[in-house]
Amino acid sequence: MTHLSPEAFAIIEGRHADPFRYLGQHNVDGRTVVRAFLPEASRVEVVGEHGEVAPLARIHDAGLFTGTMSSMQRYKLRATFGDAVTDLEDPYRFLPILSDFDLHLLGEGNQERLYDKLGAHPMVIDGVDGVGFVVLAPNARRVSVVGDFNFWNARRHPMRVRGNGYWELFIPRARAGDHYKFDIIGPQGEHLPLKSDPMAFAAEMRPKTASIVVDETCLPRPRPAPHDINKLNKPVSIYEVHLGSWRRKDNNQWLTYRELAEQLPAYARDMGFTHVEFLPINEHPFDGSWGYQPTGLYAPTSRFGSPEDFCALIDACHREGLAVWLDWVPGHFPDDPHGLGHFDGTALYEHANPMQGRHLDWGTLIYNFGRTEVANFLRSNALFWLERYGIDGLRVDAVASMLYLDYSRPSGGWIPNKYGGRENLEAIEFLRRTNIDVFGHFPQATTAAEESTAWPQVSRPVDTGGLGFGYKWNMGWMHDTLRYVSKDPIHRKYHHGEILFGLHYAFSENFILPLSHDEVVHGKRSILGRMPGDDWQRFANLRAYYSFMFGHPGKKLLFMGCELAQEREWNHDTSLDWHLLGDKRYAGIQALIRDLNHLYRNQPALHERDCEPEGFEWLITDDSDRNVFAWVRKGFDDRARCVVVVNFSPNVYYNYRVRAPLGGTWREVFNSDSSHYGGSNVGNVGQVHASEDQHLNLILPPMAAVFLVPEA
């Protein structure tokens, strides 16, 4: 055996931090030396670009070979594996993947298209097809790519480190469809569990965790959604969907993305919804997390198919005129060993101190938003879904947990900011800049915050001190109104203010009224399950409540199954109870939601000024004894008016006087007590005339709402 240098042993032992310094082609004392490490090969030759062949001597039994060429030139390696002889491109003869300008932008945290630079990208270098791999691991001693292309041998493809810890390698003949991971040696020399690629565009089906090479530049581009569909003055009615449990096959198997594309968009469109919002579709290891603990932020989950299949679902939604929003989770991530946690042997993506870096409620890790590379990773991910998949909006999960350093923490269990306060200054800056980037690059898109506190100006522009979101979920409205309708009607007069209170702040934000998945799980019961009384009262209550919601200022969100009046809580492991529609009571609720959606869309008064105080006026607020509320909704046109009257009591009221905003005839365009919905058909026979003193004398059906508009 030849006497070997420490660098040679570092290659053999799989711990060299810069293999290009040793492997490949080098000028040594005026000679052109080629070194290769091929552990499985018994013989290796170097073949020059003009056909000359030179043997490489085996200088270590582990598979280290070296020899000389006549000059510096392009070359290939000809290796013998058993009885097979194969010509190979040497990955250590190629120039770097990242340019100096790339490294400059990465160092600044200003690489908005991070997904074009990091991860695995099929490419051609020097006329050779292969895949370029780049990963951030600044504290690692050594990073190797392992995968289908190298027998998962970590010694075959160690990477070189560039800039502030970006490891890269071009592997010839690797291709789209190959499975891979990163093999990392940490700063103390510890061998870490194999890590999935944080930037992977696809991943294996759980419980497997390998990343998959995808040429995402070749993904089909979904057609765009209708223009201005997210605007404040447009109807926004969102159907929130968990793709794995909306509908299942007879053997309880999931529908694929393409099967969903054949059924879901047409259904949502027929029901009158304008938007669909998917619970997180990012790759995640545990079904029971519903996607809210993602490990692959850039990969649509493989549970339902490939990235191309996911594109087909988005395209089908857009074809039906629906906008698509995704639930997006930048607030936390799980600590599964193959994921981001302790990625390079240190707290790279998370905070090292658990008082900053771990959520007590969920047992998950918290991103270090103050780290340039982490903020860049997350901001770029937001843009990725909008640019690559044509997504129309992002609903940001658990924003309150990001804004407050003491979120759900005991006294003394959190670390104040530099001013001694509880606000997470780095998270605030991250959210603001993300919203600036989204609206700056994709002005037709929007963002929505699930924010449950009184944090001011969540949906106001950054330049006026806001967080910059397009919309905010109105959690207060949801809690107050569900509490009210859960009471027996005889007690509701003592809780009258729970309906009125929301209008004190209804226009402080651009609100969405959410009846989301969180309201139908964990023992809270279904929405129907919260309704008091006998069957008649339960269904009538539900009809009145949904009608109240659609008449109330604010955009609408309804979780799947709510439109069926599902009895049981949502279960992510099974389909919705579609069989209920065989019963006219449940079919009536579905018909009610369909008609409410179309009414909301077709009546400008009900949506044009959803987020403006000028679009609302109370008509009756003080009739607590009879549980009646009345108001008028206003559009931009002077005659765009809609009077909404809701009777939350089981009594019929005759000659009930409500002030009319305009004289003349008013048409009853909607009545939730219609027999079409399962009601008793009490109402105003289609129209009512305003009296001389400009009042409407109405018949108010029991536990019901009526909507009236002026005759054209």
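Predicted model: local features only at pLDDT ≥ 70, side-chain atom pairs only at ≥ 80, totals over all residues.
Residues are numbered from 1 along each chain as its sequence is written, and side-chain values use heavy atoms, with hydrogens and water left out.

Me: How many salt bridges does a search of the whole structure find?
Reply: A salt bridge is a side-chain nitrogen of Lys or Arg within 4 Å of a carboxyl oxygen of Asp or Glu. With that criterion, the search of the whole structure gives a total of 52.

Me: Which residue forms a salt bridge with Arg 74?
Reply: The closest N and O atoms of the pair are 2.8 Å apart. The pair links distant parts of the chain, 52 residues apart, from the loop between strand 5 (64–69) and strand 6 (75–81) to the loop between strand 8 (119–125) and strand 9 (128–136). Strands (E, at least two residues) and helices (H or I, at least four) are DSSP runs numbered from the N terminus. The partner of Arg 74 is Asp 126.

Me: Is Arg 74 buried, exposed or partly exposed?
Reply: Buried means under 20% relative accessible area, exposed over 50%, and partly exposed in between, with a 1.4 Å probe and protein chains only. Arg 74 has 46% relative accessibility, so the residue counts as partly exposed.

Me: Which residues are linked with Arg 74 and Asp 126 in a network of salt bridges?
Reply: Asp 126 has a relative accessible area of 36% and is partly exposed. The network that holds Arg 74 and Asp 126 also includes Lys 76, Glu 89 and Arg 93.

Me: Which residue meets Arg 659 in a salt bridge?
Reply: The N to O distance is 2.8 Å. Arg 659 lies in strand 28 (residues 653–659) and its partner in strand 25 (residues 616–623), 42 residues apart. Arg 659 is partly exposed at 36%; its partner is Glu 617.

Me: How far apart are the end C-alpha atoms of helix 6?
Reply: The expected span of a helix is 1.5 Å times one less than its number of residues. Helix 6 (residues 372–388) has 17 residues and should therefore span 24 Å. The distance between its end C-alpha atoms agrees with this, at 23 Å.

Me: How many of the 17 residues of helix 6 are buried?
Reply: Helix 6 is largely enclosed by the rest of the structure.

Me: The side chain of Asn 627 reaches the backbone oxygen of which residue?
Reply: Asn 627 lies in the loop between strand 25 and strand 26 (628–634) and is buried, with a relative accessible area of 3%. Its contacts (heavy atoms within 4.5 Å), not counting residues up to four places away in sequence, include Tyr 484, Arg 492 and Phe 648. At 3.1 Å, the side chain reaches the backbone oxygen of Pro 489.

Conventions
Polar contact = N/O pair within 3.5 Å; in protein donor to acceptor, adjacent residues only side chain to side chain.
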